[in-house]
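Visitor: I have the coordinates open and would like a quick tour. Where do we start?

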Amino acid sequence: MPLAPTSDLLASAAADRRGLPAFNVITLEHAEAIAAGAEAAGTPVVLQLSQNAIAYRAGRLLPIARACAEIAAAARVPVSLHLDHCEDFDLLRAAPAAGFSSAMFDASALPHDENVKATAEAAAWAHRHGLHLEAELGKVGGKDGEPPLSAHAPGARTDPAEAARYVADTAVDALAVAVGSSHAMTSRTADLDLALIRELAAAVPVPLVLHGSSGVPDGQLTAAVAAGMVKINIGTALNLSYTAAVREHLTAHPTVTDPRKYLTAARDAMTRTVEQLARVVHTSA
């Protein structure tokens, strides 16, 4: 089926009080596993390419974006294509022509007033070009090698009143909020502030996004969706499955030289992870 607009998938998930699983792509095997796992779970899914993933490919957006679009088009469930953690206006401008229906413009590292100004400009441009725009308010740590952020650190939680003003001032379509998770967690020990999620959902008129979901236990993911989270971003969990499968295969077969052998194992492991987490996230609240 053709690429689905992220905005449609978000609206449907929010109306049904379900979570929309969104998985990050690094290699072609990631994209294939995400589509296969979502098909097995019977859920819609978002394929996400981050600015860092594109930088890994020498900054060339089209080869991996077109590959993801082809995989999405062949899937038996609705799949959308999302540009994640984009800080570069030039990259944002390239997104619509590359098949993306949504992007996350990340100005969260800037002082608040500068964040608002840059994000409002990005949202205005995105809307003129049919792009749904997500932004972030608060501090979700662990980005690009940062250590996981303590949930009790200054600025680590998003204030509901400030979030409502931010959405009004920027006109963004979805908001990533800091509620106790952190990027790049390799253990599922995050303790989400469910009361804060409920307050944010009541105050903010656009879908809420949970970043750093790999570190959140299943029960808390389900509870977060019930409390008002809609889009659930997952990346590190796939990388853990990928790496463990490759390591196990090479240990068991030390003379193997054909990468298809261990990449098949990696893809299969990620598919199982996607299926399991997609089922958890998409469970009706």
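Guide: With a cut-off: buried means under 20% relative accessible area, and exposed means over 50%. Keep in mind that this is a predicted model.

Visitor: In H4, which residues are buried?
Guide: H4 spans residues 61-74. Applying the cut-off of under 20%, the buried residues in H4 are Leu61, Ile64, Ala65, Cys68, Ala69, Ile71 and Ala72.

Visitor: What covers the buried residues of H4?
Guide: Both helices and strands take part. The cover includes strands E2 (45-50) and E3 (79-86). It also includes helices H2 (28-41), H3 (51-56) and H5 (89-94).

Visitor: How far does H4 reach from its first C-alpha to its last?
Guide: H4 has 14 residues. At 1.5 Å a residue, 20 Å is expected, and the model is close to that. The reach is 20 Å.

Visitor: How many strands are in the closed barrel?
Guide: The order is E1-E2-E3-E4-E5-E6-E7-E8, with parallel pairing. Neighbouring strands are turned by 30° against each other on average, direction ignored. The strand count of the barrel is eight.

Visitor: In E2, what is the bridge partner of Phe23?
Guide: Strand E1 (residues 20-24) pairs with E2 in the parallel sense. Three bridges hold that pairing. In E2, the partner of Phe23 is Leu47.

Visitor: Are the residues of E6 that point either way buried or exposed?
Guide: In a regular strand the side chains alternate between the two faces of the sheet. In E6 (residues 174-177), Ala174 and Ala176 point one way, and Leu175 and Val177 the other way. All of them are buried.

Visitor: Which residue in E7 is the bridge partner of Ala176?
Guide: E6 has parallel partners on record here. Four bridges join E5 (residues 132-137) to E6, and Glu134 stands opposite Ala174. Two bridges join E6 to E7 (residues 208-210). In E7, the partner of Ala176 is Val209.

Visitor: At about what angle does H6 run to E5?
Guide: H6 covers residues 112-128. This helix lies across E4 (102-105) and E5. Its angle to E5 is about 170°.

Visitor: At roughly what angle do the axes of H9 and H11 cross?
Guide: Asp218, Leu221, Thr222 and Val225 in H9 meet Gln276, Leu277, Val280 and Val281 in H11. By class, the contact has five nonpolar, two polar and one charged residues. The axes come within 8 Å and cross at roughly 35°.

Visitor: Which residues beyond its sequence neighbours does Ser241 contact?
Guide: Ser241 lies in H10 (residues 236-252). Ser241 counts as buried because its relative accessible area is 15%, and the cut-off is under 20%. Leaving aside neighbours within four places in sequence, its contacts are Ala269, Met270 and Thr273.

Visitor: What share of the chain is buried?
Guide: The chain comes to 11 helices and eight strands. Among contacts with a separation of 6 or more, 71% join residues 24 or more positions apart. Of the 285 residues, the buried share is 52%.

Conventions
Residues are numbered from 1 along each chain as its sequence is written. This is a predicted model: local features need pLDDT of at least 70, side-chain atom pairs count only at pLDDT 80 or more; totals for chains, interfaces and linings use all residues. Side-chain values use heavy atoms; hydrogens and water are left out. Axes are lines fitted to C-alpha atoms, for helices over the stretch in contact, and angles run from 0 to 180 degrees between N-to-C directions. Contact means heavy atoms within 4.5 Å. Ala, Val, Leu, Ile, Met, Phe, Trp, Tyr, Cys and Pro count as nonpolar, Asp, Glu, Lys and Arg as charged, and the others, Gly among them, as polar. Buried means under 20% relative accessible area, exposed over 50%, partly exposed in between (1.4 Å probe, protein chains only). The expected span of a helix is 1.5 Å times one less than its number of residues. Two strands pair if DSSP finds at least two bridges between them.
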